[in-house]
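Subject: Structure handover

Hello,

Here is the structure I promised you. Please open it and keep it beside this email while you read.

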Amino acid sequence: MDEQRREHPALQVVGLTKRFGGLTAVDNVDMEVYPGEVVGLIGDNGAGKSTLIKMISGVYRPDGGKIFLEGQETTFVSPLEARRLGVETIYQDLALCENLDATANIFLGREPMRRSLGLLKAVDRKHMLAESRSVLDRLDIHIPDLSRPIREMSGGQRQAVAIARAVYWNARLMIMDEPTAALGVPEQRKVLHLVHTLREQNVPVIIISHNLQDVFAVADRVVVMRRGKKVAERPIQETTMDELVSLMVGGSLLEE
Ligand SMILES: Nc1ncnc2c1ncn2[C@@H]1O[C@H](COP(=O)(O)OP(=O)(O)O)[C@@H](O)[C@H]1O
Ligand SMILES: [Mg+2]
């Protein structure tokens, strides 16, 4: 870990702030994520977790603060641009195209072209299929029929396709907002296993979860938000469920 700290953070945000009318949803948050690190982002409902990651993934423009990717200041104007620069995000409602199949989703917006009839360019579907199959095999993801539309797949398979896309394109950062919320237990395990795989491939991960067991299972470090502010951060070995819960809800439970 000390070795990693000497590298540039894969992601650094400084003073990130987002307001919705009179509400400061994210208030002056600083955070870093290092290569190969899994950071759990936790907090009660409404703490500002999703808003924070939406600024990092190009959905919202911050009202204040800066975002650095591998040391370089970055401003994304759209989620697509963020993805082109290597920030892959899985939202609660997923960033896949329902009507497209797994292969098309892995290559979405980055389809390889081949010449056809010498002049016309066409999408190289054969290449895409072979490449998809190979990355899915490498991650031990079983999707028998790659031509089925995503909408017919299980929640876990969808997550797996999004993760495969991140690995295939060498994402610089994978952000997952409640990735296991809608999944059955075996699929939750699979997704958490894939988070470990991402770390092995040195892809840093931010994972939002209200399930603290999941956070303990995968995170190296945890960042706690409350009412828009970052209130604590801990290496996972140096904290407990009880401490995290009281940080999430504030002193109130203890004071009463
Ligand atoms: N698009 C929006 N417009 C207005 N308020 C919003 C919007 N998105 C989030 N909020 C508010 O900002 C706060 C933080 O929300 P959010 O980031 O979704 O929290 P979390 O993901 O931690 O549950 C909440 O009070 C929420 O109601
Ligand atoms: Mg949220």
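Helices α5 and α6 pack at an angle of about 100°. Their axes are 10 Å apart. That angle falls between 65 and 115 degrees, so α5 is roughly perpendicular to α6. Keep in mind that this is a predicted model.

Who meets whom there? On the α5 side, the residues in contact are H127, E131, V135, L136 and R138. On the α6 side, they are A164, V167 and Y168. By class, this contact of α5 with α6 has five nonpolar residues, one polar and two charged.

Now stay with α6, residues 155-168. This helix has 14 residues. From first C-alpha to last, α6 reaches 20 Å, close to the 20 Å expected at 1.5 Å a residue. Is α6 enclosed or open? Under 20% relative accessible area counts as buried. By that cut-off 13 of the 14 residues of α6 are buried, so the helix is largely enclosed by the rest of the structure. After α6 comes N170, with a positive phi near 50°.

Helix α6 also packs with α7, at an angle of about 10°. The axes of this pair are 9 Å apart. Angles under 35 degrees count as roughly parallel, and α6 and α7 are therefore roughly parallel to each other. From α6, the residues G155, G156, Q157, Q159, A160, I163 and V167 take part. From α7, they meet E187, V191, L194 and L198. This contact of α6 with α7 has six nonpolar, four polar and one charged residues.

Next, look at M153. It sits in the loop between α5 (125-138) and α6. Is M153 buried or exposed? Its relative accessibility is 6%, so M153 counts as buried. Leaving aside neighbours within four places in sequence, M153 is in contact with A102, I143, R148, R158 and V161. Find E98 as well: E98 and M153 are 55 residues apart along the chain, and their C-alpha atoms are separated by 9.4 Å.

On to the sheets. Strands of a sheet pair through backbone hydrogen bonds, either parallel or antiparallel.

One open sheet has six strands, in the order β6-β9-β10-β3-β11-β12. Its pairing is mixed. Which strands stand at the edges? They are β6 (87-90) and β12 (229-235). Each has a single partner strand, so one side of each is left without a neighbour in the sheet. From one strand to the next, the twist averages 15°.

Strands β6 and β9 run parallel and are joined by four bridges. T89 has I175 as its bridge partner in β9. Strands β3 (residues 38-42) and β11 (residues 221-226) also run parallel, and four bridges join them. Here V39 has R221 as its bridge partner in β11.

Helix α7 (residues 185-200) lies across β3, β9 (173-177) and β10 (205-208). Its direction is at about 155° to β10. Helix α9 (residues 241-249) lies across β3, β11 and β12, at about 30° to β11.

Another open sheet has four strands, in the order β2-β1-β4-β5. Its pairing is antiparallel. The edge strands are β2 and β5 (72-73), and each pairs on one side only. Helix α2 (residues 49-56) packs on this sheet and touches β1, β2 and β4. The direction of α2 makes about 120° with that of β1.

How many bridges join β1 to β2? Seven bridges link β1 (residues 11-20) to β2 (residues 23-33), and the two strands run antiparallel. Q12 has E32 as its bridge partner in β2. The hairpin of β1 and β2 has two residues between the strands, and G21 takes a positive phi near 60° there. Over on β4 (residues 64-69), two bridges pair the strand with β5 in the antiparallel sense. F68 has E73 as its bridge partner in β5.

Best wishes

Methods
Residues are numbered from 1 along each chain as its sequence is written. Chains are lettered from A and ligands numbered from 1 in the order in which they are written. This is a predicted model: local features need pLDDT of at least 70, side-chain atom pairs count only at pLDDT 80 or more; totals for chains, interfaces and linings use all residues. Side-chain values use heavy atoms; hydrogens and water are left out. Two strands pair if DSSP finds at least two bridges between them. Axes are lines fitted to C-alpha atoms, for helices over the stretch in contact, and angles run from 0 to 180 degrees between N-to-C directions. Contact means heavy atoms within 4.5 Å. Angles under 35 degrees count as roughly parallel, over 145 as roughly antiparallel, 65 to 115 as roughly perpendicular and the rest as oblique. Ala, Val, Leu, Ile, Met, Phe, Trp, Tyr, Cys and Pro count as nonpolar, Asp, Glu, Lys and Arg as charged, and the others, Gly among them, as polar. The expected span of a helix is 1.5 Å times one less than its number of residues. Buried means under 20% relative accessible area, exposed over 50%, partly exposed in between (1.4 Å probe, protein chains only).
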